[in-house]
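Subject: Two-chain model for you to look through

Dear colleague,

I am passing on the structure below, together with some notes on what turned up in it. Please read them with the model open beside you.

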Amino acid sequence: MRVSSLSDPRIIEIITQYFVPVWLSRDDYQRDKRSGEEQAELERLDAERARRKMEGGAVCVFVVAPNGDVLATQRVQKAYKAENLLPFLQKIVEEQKLKPRDAEAIRASAAEKLDAKPKTKEGRFIHIWTRVDAKGDNRGVSNDRVELTGEELQAFLPPADAKADATWTIPEKIAGKLFQYGYPPGPYWKTSDSKLKKATLTAKLLAGSEKEARIELTGDLEMSFPIGRPTEGQITAHFVGIAQADRDKRTLTSLALVSERADFVWYWERKPQTVKMRIALEMEP
Amino acid sequence: MKYRAGLLAVAALAVMAASADQREADPISKRIEAIKGSDTNAWRKIPWTSSLMPARRIGEREKHPLFLFTHDGNIETGRC
């Protein structure tokens, strides 16, 4: 639904104007840990839906009246198509004689953006995007974020006396911390299921000024990521990238890596299915 | 005829090789933009409230129904 009906301008418009929108991860990926009150409310809504034999399941659209009654539901197999979700919502707007929400109230009720600051001193966020461009299987683009500590970032810096063409290795633990998110977007979300087999990253000092170091990066990833047991997905990727560092301050000022030759192989009836992927990593400015 | 087909095949290979070279020559930043750019992020424009209970209270106060989307995984990272 994320990449289909919920990204349709007609659906965005009607939800924004007439409803108080909220998403809820059954796997508790909320920004805040689910409270007992929220868990009880979710169970109440599920129970009411089941008792009244309304359609739906774990992945579902609920329309909940201001007094808490479940007005209507639509299962995801229908709701992912805007052609189904739009008339479903229009019917509720008409039946309930809803007026558009106040613009200021909409702004005030929207969640704030994700934390802007890293948790560790000198730490920086690295974003990891993955995408699959296969036709007919648009899962959009994943966007994970991981924090590298100041100490981990130091591993990308050249030794103080290094000359052009000097090379050094980024510890596998750090490369793995970045690369473990390199699996396809979609309904598979447990990064802890990533099993790294190889995560290498080599740095090479390019010719630069006395103040600024330009660093060429190359790396390789081999990892398994299960897509339904007992089959296992296998990911291989080759990365190239560029980093820049302030030699006086001994700080990394930019870091960017890209893989346009990533393969995700999964198995269907024991036959390997290869999906071409692209992966990008970039340090937040 | 065979000669002409062979020429076409060679020309096609040359074009493919040139586009691969061009891709390699593009700055990393440009290549990253091409990967992260998407027309499927529009759902983020919806003014989602932070969680269920605040949404319930807002709905009650404003006399507007909730649009509640329950799902598996993590929608914010595109993994759902």
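Two strands are taken to pair if DSSP finds at least two bridges between them. By that criterion strand S2 (residues 60–64) of chain A pairs with S1(B), the two being joined by five bridges and running antiparallel, with Cys60(A) standing opposite Thr70(B) in S1(B). Please bear in mind throughout that this is a predicted model.

Taken together, four strands make up an open sheet with mixed pairing, in the order S1(A)-S1(B)-S2(A)-S3(A). Its edges are S1 and strand S3 (70–75) of chain A, and because each of these has a single partner strand, one side of each is left without a neighbour in the sheet. Neighbouring strands of this sheet are turned against each other by 20 degrees on average, with direction ignored.

Helices from both chains lie across this sheet. Helix H4 (residues 82–95) of chain A lies across S2 and S3 of chain A and runs at about 175 degrees to S3(A), while helix H3 (residues 52–62) of chain B lies across S1 and S2 of chain A together with S1 of chain B, at about 160 degrees to S1(A).

The contact between the chains

The contact takes 68 residues from chain A and 43 residues from chain B. On the side of chain A that touches chain B, the largest share, six residues, comes from strand S1 (residues 20–25) of chain A, and the residues of that side divide into 40 nonpolar, 14 polar and 14 charged.

Chain B has three helices and one strand, which follow the pattern α-α-α-β when read along the sequence; of its 80 residues, 30% count as buried. Chain A has seven helices and 11 strands. The radius of gyration of chain A is 24 Å, well over the 19 Å that the globule rule gives for 285 residues, so chain A is more spread out than a compact globule. Along its principal axes, the C-alpha trace of chain A spans about 75 × 50 × 35 Å.

The domain assignment of chain A gives domain 1 (5–109) and domain 2 (124–283), and the C-alpha centres of these two domains lie 37 Å apart. Of the 285 residues of chain A, 33% count as buried, and among the contacts in chain A with a separation of 6 or more, residues 24 or more positions apart account for 56%.

Strand S7 (residues 195–206) of chain A and S8(A) pair in the antiparallel sense over 11 bridges, and they form a hairpin with five residues between them; within it, Ala203(A) stands opposite Leu217(A) in S8(A). S8(A) is also joined by 14 bridges to strand S9 (residues 233–246) of chain A, with the two running antiparallel, and there the bridge partner of Thr218(A) is Val240(A) in S9(A).

In a regular strand the side chains alternate between the two faces of the sheet. Strand S8 (residues 212–225) of chain A has a covered face made up of Ala213(A), Ile215(A), Leu217(A), Gly219(A), Leu221(A), Met223(A) and Phe225(A), and an uncovered face whose residues include Glu212(A), Arg214(A), Glu216(A) and Asp220(A).

- Lys53(A) has a phi near 55 degrees, a positive value in a residue other than glycine. The place of Lys53(A) is in the loop between helix H2 (36–51) and S2 of chain A, and with 6 C-beta neighbours inside 10 Å, Lys53(A) counts as exposed.
- Glu122(A) has a phi near 70 degrees, again a positive value in a residue other than glycine. Glu122(A) is found in the loop between helix H5 (103–109) and strand S4 (124–132) of chain A, and with 14 C-beta neighbours inside 10 Å, Glu122(A) counts as partly exposed.

With best wishes

Technical notes
Residues are numbered from 1 along each chain as its sequence is written. Chains are lettered from A and ligands numbered from 1 in the order in which they are written. A residue is buried if 20 or more other C-beta atoms lie within 10 Å of its own, exposed if 12 or fewer, and partly exposed in between; C-beta atoms are placed from the backbone. Two residues are in contact if their C-beta atoms, placed from the backbone, lie within 7 Å. Ala, Val, Leu, Ile, Met, Phe, Trp, Tyr, Cys and Pro count as nonpolar, Asp, Glu, Lys and Arg as charged, and the others, Gly among them, as polar. Axes are lines fitted to C-alpha atoms, for helices over the stretch in contact, and angles run from 0 to 180 degrees between N-to-C directions. Domain bounds come from an automatic or database domain assignment. The radius of gyration is taken over C-alpha atoms; the globule rule is 2.2 Å times the number of residues to the power 0.38.
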